Amino acid sequence: MHDAFEALVALEKLPLFIECIATWESSLFVGTRTGVLLVYSIKEISGDSRLEVELKRPMKSFSKKPIAQLDVVGVLGIFISLSDGLIGIYDLETCTPRGQLQTSRGANCFAVRVQPAASGKGHNVFLCVSVRRRLEIYQWNSKEGQFLPFGADLNLPDTAKVITWCGDSICVGFKKEYTMVKVSGGALTELFPTGRHDPVIVSLDHGDVALGKDEMSICINREGKPTQKQALVWSDPPFALERVEPYIIGLLPKVVEVRTLEPRMLVQSFSLDKARFICAGRDIYVASEHRVWRLQPVELKAQITQLVQDKQFELALNLAKRVQESKRDNRERIAEVRHLQAFHLFTQHRFEDCLKIYSELNTDVKYVIGLFPGLLPNEFRKTLKYPAAP
């Protein structure tokens with residue numbers, strides 16, 4: 001394992017009970033049990049492991065009921081809230097109301113989908129709202145400046161506990177099972193039981209999702225078909241998940257775990273007392289009822305160094321491709337990691353895999369021959385430098 005994140009305290013001993021969190025750029029939105037909305041500006045202090053936290057807007061009369069859910073739609077300059085069964089739309093900068101979805105009264109959860117417009121200009125934004133045993137679909141109308149109904153309501157066999165967009169479908173977690181619902185036509189495809197715990201869904205790449213079933217997270221595509229041969233297995237059933245490429249972060253009863261899908265491995269495990277909520281945007285936040293932490297990513301170069309030392313080359317290569325640097329420097333970084341990987345494969349007697357990488361790197365043939373004893377003159381072989389004795 002290695003350290004992918006460092007947990008920094010952002011808020012502590014908050015006198016209000018936290019019910020949900022959301023983030024956008026440097027702002028953190030905190031929804032509370034009493035209906036108070038707190039908006040903070042949180043910035044790093046250069047050269048320090050502390051954060052500079054400023055309460056920008058204490059919205060004491062935001063709602064009379066608990067704020068159950070918050071989500072930010074940055075491309076529209078709005079955020080969406082769910083409180084007292086009603087969806088509210090608010091200005092992102094001023095927090096002033098911009099409307100309510102009166103037809104969605106009785107809502108218990110919602111999900112937002114943002115996709116680039118076919119014209120290449122702007123975005124199409126869709127909102128799915130769960131209301132009792134149906135799903136209501138809305139699309140943002142830029143001329144009207146509000147969400148308008150998009151198609152007929154979609155009927156469900158039960159009340160959804162959690163919903164997530166999965167391409168042009170909605171993945172629904174009921175109390176006992178998961179179901180995929182086609183937005184066009186409303187066709188239902190039953191997936192599999194949720195197990196002994198509440199449903200948990202997290203969005204992945206390309207419209208895929210991961211669904212929780214006890215200690216497992218099962219990855220499926222928008223057709224409901226598994227995309228991985230094996231499920232991702234946690235040490236305990238997670239009750240919240242967040243995707244932060246290339247990691248999946250899970251909140252478990254006693255610890256926070258960081259894992260990867262490719263390769264499938266546990267990267268990090270640490271304790272955050274009674275953590276319940278997680279959100280990610282530019283920054284990543286985890287919250288308990290009275291405390292908030294920022295999960296600060298460890299510098300990629302430091303992670304790569306540690307992974308190479310631990311012989312975890314697949315993940316090291318994944319991270320190396322993400323380092324922000326010139327194309328030339330990045331090619332050299334990736335080549336260096338692959339060179340070390342090839343040498344490690346040689347020491348494991350995986351000669352075919354080793355030689356394949358050396359061939360792709362156009363490695364000097366004399367260097368490769370020198371890996372095998374007795375094939376090169378000793379004096380010449382001494383001039384070749386290897387990571388360790390072959």
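This is a predicted model: local features need pLDDT of at least 70, side-chain atom pairs count only at pLDDT 80 or more; totals for chains, interfaces and linings use all residues.
Colleague: I'd like to start with the core. What should I expect of nonpolar side chains?

Modeller: In soluble globular proteins, nonpolar side chains tend to be buried together. Here, the largest nonpolar core has 31 residues.

Colleague: Which of the 31 residues touch the most other members?

Modeller: Look for F5, Y247, I249, L272, V286, L295 and I304. As for where the core's residues come from, helix α2 (residues 313–320) gives the largest share, with 6 residues.

Colleague: Let me click on L272. What does L272 touch, leaving out residues up to four places away in sequence?

Modeller: With that rule, you'll find A7, V256, V286, W293 and L295.

Colleague: Now R294. Is R294 buried or exposed?

Modeller: R294 has a relative accessible area of 2%, and buried means under 20%, so R294 counts as buried. You'll find R294 in strand β29, which covers residues 292–297. Skipping residues up to four places away in sequence, R294 touches a list of residues including E6, A7, L8, I42, E44, D283 and Y285.

Colleague: On to charges. How do I read a salt bridge?

Modeller: Side chains of opposite charge can pair when their charged atoms come close. This structure holds 23 salt bridges.

Colleague: Where do R33 and E19 sit in the chain?

Modeller: R33 is in the loop between β3 (27–32) and β4 (37–44), while E19 is in strand β2 (residues 18–24). The two are 14 residues apart, and the pair links distant parts of the chain. R33 is partly exposed, with a relative accessible area of 35%.

Colleague: Which residues are linked with E19 and R33 in a network of salt bridges?

Modeller: R276 and E289 join them in that network.

Colleague: Can we go through another pair? I've picked E245 and R243.

Modeller: The side chains of E245 and R243 form a salt bridge, 3.4 Å from N to O. E245 is partly exposed, at 34% relative accessible area. R243 has 16%, so R243 is buried.

Colleague: And what about R259 and E257: buried or exposed?

Modeller: Both R259 and E257 are buried. Their side chains also meet in a salt bridge, with 3.0 Å from N to O.

Colleague: Great, I'll go and find those pairs on screen.

Conventions. Residues are numbered from 1 along each chain as its sequence is written. Side-chain values use heavy atoms; hydrogens and water are left out. Helices (H or I, at least four residues) and strands (E, at least two) are DSSP runs, numbered from the N terminus. Buried means under 20% relative accessible area, exposed over 50%, partly exposed in between (1.4 Å probe, protein chains only). Contact means heavy atoms within 4.5 Å. A nonpolar core is a set of buried Ala, Val, Leu, Ile, Met, Phe, Trp, Tyr and Cys residues joined through side-chain atoms within 4.5 Å. A salt bridge is a side-chain nitrogen of Lys or Arg within 4 Å of a carboxyl oxygen of Asp or Glu.
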